[in-house]
Each structure stands twice: as structure tokens, then as C-alpha cells.
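Here is a short briefing for a first look. Start with the view below, then read on by topic.

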Amino acid sequence: MREKVYDIISKKLEMDINDINDELRIADVEAWDSLTYLLILEEIEMATGKTIPIEKAAEAESVGQLVEWLEEE
Amino acid sequence: MSKIAVLSNVNMDAIVKNLQRKYEVFSPAGYGNVVEELSNAGSELNAFKPDICFIIIDASAMFDRYDRFEEGAGVITSFFGILESAMGTNTTYYINDLDFRSDVLKTDIIDNIQELYAAEWTSAFFEFSKKHNNVHMLTFSSLVKRIGSCDFYSAKMWYLGRIPFSVLGRNEIQNEIEKCIKLHEGMCVKKVLLLDLDNTLWGGICGEGKVILSDENVGLIYKDLQYVIKRMKRSGVILGIVSKNNEEDALDVLRNNQHMILEESDFAIMKINWENKDKNIREIADELNVGLSSIVFFDDSENERMLVKTMLPEVTVPDFPDKTENLPECMVNIFFEYFDKENYTLEDSKKTELYRQNKERELFKQRSISYEDYLKELKIKIYPVSAKENEERVYQLVHKTNQFNLTTKRYSRDDLHEMLNSDEYIVYTFDIKDKFGDNGITAVVIVSLSDVAEIDTFIMSCRIMGRKIEDSIIAYVENKLKINGFGVVRASYINTEKNKPVEKLYDGLGYKCIECSNGLKRYELKLCDVQKRELYAEISERED
């Protein structure tokens, strides 16, 4: 799950996958704007077949949260 | 290459981003600014001078707020009125037909309001496109129909980002836009459709005495396919046959089978023989005097398709459907993809008739209003609200606003919290409403206070850009500072990749540039000589 999420994020943001970790905060990545966030969310949900409830999705701050929420589903 | 503009009342950024990989595309900063961009002569859109302008209207976002049909109908009238006065003659416009994302609750007053809006829109469109041959319809509802409303739209994307469409929906829209661009450039117009016979125009193999063509099950599929092809011929497609058969067997079916819809005379050329098909096709191109690139070849045999693709790469060879029942639809798609012309929708008088019957309607009123009148009509109201009570939203705006963000300072939660509780800063926060509804808290101004007041941060959400709201907000802030005894206000613009739209904001507001270096511009304004500005939004201090 975590690898899949990292993989999608690194591709969408054109970042080295080794620079992606759970602690990475969305606000700290310049390229990670709200549109990119939505496209990442959408792709993660499709790739994993899981959905993050919108209440959580709207509040995401870090990569780790996304992974954690997907694992909860 | 064509210059493309995309205007919408919803967030099209994801689609625009993809299109920008292939085309020069302009889309206004912020969304919802369809009429604003069109009517504002000084807008970036008008400076861009697009060859093709796509106007994509999300029906639900535009109409679901109205309870009375007349209100929504007025919006339609004024939309086409503004378009009429603002449109450029060198630009081709594609405007979609309406599709509603979900049903509204039916009331006893009016029970089919969405259908009425859709009909009103379409009839207004056809009236309009009759007068302007540079206006065409982008048939949006058929895109939705193709994959189904549930898969086309995404409620989650809508609520999170004002993107009504799922990734599937966005792909459909993007493909359609690209198809329209190709249509416009005349790139996809093919002239000749070459058809195989056995298992293509009819089922079975005529040489073996078996022809499936009838009014029942599988036979009907082929008959329906022939109806489609017949219509294509009527629209100007040149038909030809390339088939490996004994000529007399094939001609016998063509001439004598009672279920044949296509007749021998419908075909401009026939090559029914045992030669290789690439050779036949080359001869046809010569005999009809058309280029190989204007030929589409349709055959059920994968081998034949491969051969033609390999030997004659200029010839277009569409896939043959896996399921026989999809043949007629497949041919319709081939028509739209390769033979459609930009002007069909215009002359599609039948469609017009159909929509006309839907209801009695007022004659389309021409109403040209100026951008300024439009802004006045919007009745924009700005409500200053407490920043402290909306800390989370302020944080969000500080971190996620790129375009209308003069200095792009991304304060941390802690910093922001401190600023909100400090005497050295004032954080102004605004809730913006207009007659169409509430935009929510969408503007923040942070002013640092020392000897002089300095606008440290000025942010507006892209969804309210382009309505001169900033002018009123700045006037409000200046006024507050003046009351508090400040004589001078300073401001700055720090250039980023994305905030170009506001590069000249302070210049336009009469601020004096006092320093300009390396992407940083600093400004000053003496509050005693603020020039008179025309303001379109009203500030309304709410009593809580």
C-alpha cells in the first residue's frame, strides 16, 4: 500500500521516490498544489480500490496520513 | 497551430493542464469567470485572441440554485447577450449543451425544470448559431451518455475541488475538445470510406451462399449498419468496396438481396477480386484522384487490416468491434471521428425542431451589456469576518493560493496563530457573496503595523478573481488604516511562477513603485491622495 502511494506521488510530482516518506508534508512541497493533490488522491483511490472519506481527504496534511487512512479502510 | 481558450464555470484546470502539453491553451485564472472574461475588453482572454474558444458550462452549478424557471432563463438570455456583444469574428466558439449532474427535487410548482433549462439553452444556442457561423455545439450530453452519469461525474472531486468530473469524464471532455480542434483545423476530414463485404456489410460469406441480413437479431445488426453508412453517404462521404470475392456472388447480393439498404449505385468504386487489398486501395486512390490519407478502410479481418496498415500507413484503419452488436455504433463513431465537419451541428435543423417542441418560449432577446454593468448586476457584497474564528481557513488560503497571491508567504500554523494574536499585525478576512450565491471566505489581507502600515500578504481565492473585488477590499483596508492614523501604506509584489495575473495589481490601484529588483516590486501610497476608483462591490459590516 505504502509503496503504491509513494510511487503515484513521486510520478505525479516528478520527485525521486526516495524523497517521499510518511513525514513529507503537503504544504512543504511547492509543486503539490490543490489540483495536484486531488489528482493524486483520485489516482491513489483508483489504484488501491479504496476510498478515503471526504472529511479526512479534505484535511490531509502529510503523506503518512494518506497511507494510514487507506490502511484503515 | 491553433490557439485554444477554455472557459468554464467550474474547475477545468486538470483538463487544461493536459491540453497544454499539446496546444497553446489559455484558461483564465480562476473559474466561473466565463462572462467576465468574455465581456471584459481588457481581459487576458481578449489579449490572447484564441482561434478556438471552448465554453463549458456545468448545468448544475449554473442553475440548481434557482427555484423559479424565469430566474435561470434570465441567466441564459444574458449569457448569449454578452457572448454576442463580446465575441470575436476570428474566433470559433464551441459551447456545450447542458447536462445536469443529478436530479433536483421535483416540486408541485414546476416538475421538469432541468429539462426546461436544457431546452431553453439549446434553443437559445441554435438561434444564436444560426446568426453566427463561427459558433458550434460541443455535444456534452452525449459524452455523458456514453459512459453514464455515475461514472462521468465525481461528487468527491466536486466538493473537494469544484471539479465535477471523474477522470473518465475528464478524458471524454478532453478527447472531444481535441476532436473539435482537429475538426477546426480540417485535419480529420476524410473523404472515402472503403468497405469489405463478408462479415462486414453483411454477416456470413456470400460465396458459400450464406448471407446474414434481415430484420431479426444478427441480420438486423448488419441492416442497421447499412442505414448508418447510407446516411454517411448522404452527408457527403464517398463509399467504395474492397472485397475478396467472386464478383458475381457479391453483385448478386448487392443487387438482389431484399434487405440490402445500400445499393450498387451508392458506391463510387468497387474492387471485388482476389488481389491484395493494398494494391486495390492504391488503385482506388488513383482512380478517384484522392490522397491515401483521405481514405478510411473498414474490414473485419485482422490480417487485412494489418496488411493495409503496414503497406499503406497513410490510410486510416479503425478497429473492428469485438462484438457484432456494436457495429452500427462503431460506424457512427467512425463518422464522428473521421468524416464529421465543423458545420454539421449548425445545419442540424432536425435537432432544432425537436427542442423547439419542448416548450413554448420567449423569443430570444438580444441584450448587450457592458462588463461594468455586469459587475453592478452581480451585486457583490463583501463581509469582513473574524480571522481568529476562521484560522483554519486563513491557513488554507495562505498555503494553497498561488495565482492571486501578491507575496506568496507560506506562514506556518504557529506563525499565523501568533500574528492573529499580535498587535503588530491585522489580519483582514472577507466572506464574499453575490446574487448567485455565497463564495465563502475567499480573501485575506495581512497588514504589518509599525511606523507605516505594510500590506504583507494579499490573497484571493481564484474562484472570485476577475470581478474587481480586490479594488473594494483594498479600499476598505486603506480606509481602516487611515482611521487608525496611518498616513502611508506600503505594499509589495514578489514574483513567482504562478502569480503573474496580479503582477500589475498595485500599479492599477495607483500605488507608486519605489523599488523594483529581481522579481520584487515595492510600492507606496499616501493615504491622503488615494485616487477615486470605481468600485463594484459593497462592503457590508455584519452585526454579529
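A charge sits over a ring if NZ of Lys or CZ of Arg is within 6 Å of the ring centre and within 35 degrees of the ring normal. The model described here is predicted.

**Charges over a ring**
- B:Arg162 lies over the face of B:Trp158, at 4.8 Å from the ring centre.
- The charged end of B:Arg101 also sits over the ring of B:Trp158, 4.0 Å from the centre.

**Domains of chain B**
- Chain B is divided into domain 1 (3-186 + 346-358), domain 2 (192-339) and domain 3 (379-539).
- The centres of domain 1 and domain 3 of chain B, taken over C-alpha atoms, are 32 Å apart.

**Aromatic pairs**
- Over all chains, the count is 22 aromatic pairs.
- One of them is tilted: B:Phe80 and B:Trp121, with 5.1 Å centre to centre and 55° between the planes.
- This pair links distant parts of the chain, with B:Phe80 in helix H5 (residues 69-86) and B:Trp121 in helix H6, 41 residues apart.
- Both B:Phe80 and B:Trp121 are buried.
- The planes of B:Phe335 and B:Phe336 meet at 65°, so this pair is edge-to-face, with ring centres 5.5 Å apart.
- B:Phe335 is buried, at 12% relative accessible area, whereas B:Phe336 is partly exposed, at 36%.
- Ring pairs join B:Phe63, B:Phe69, B:Phe100 and B:Tyr117 into a cluster.

- B:Lys131 is in helix H6 (residues 113-131) of chain B.
- B:Lys131 is partly exposed, with a relative accessible area of 48%.
- Its side chain makes a polar contact with the side chain of B:Glu84, at 3.2 Å.
- The C-alpha atoms of B:Lys131 and B:Glu84 are 9.9 Å apart, and the two residues are 47 residues apart along the chain.

Terms used:
Residues are numbered from 1 along each chain as its sequence is written. Chains are lettered from A and ligands numbered from 1 in the order in which they are written. This is a predicted model: local features need pLDDT of at least 70, side-chain atom pairs count only at pLDDT 80 or more; totals for chains, interfaces and linings use all residues. Side-chain values use heavy atoms; hydrogens and water are left out. Domain bounds come from an automatic or database domain assignment. Helices (H or I, at least four residues) and strands (E, at least two) are DSSP runs, numbered from the N terminus. Buried means under 20% relative accessible area, exposed over 50%, partly exposed in between (1.4 Å probe, protein chains only). A polar contact is a pair of N or O atoms within 3.5 Å; within protein, one must be able to donate a hydrogen and the other to accept it, and residues adjacent in sequence count only if both atoms are side-chain atoms. Rings of Phe, Tyr and Trp (its six-membered ring) pair if their centres lie within 6.5 Å; planes under 30 degrees apart count as stacked, over 60 as edge-to-face and the rest as tilted.
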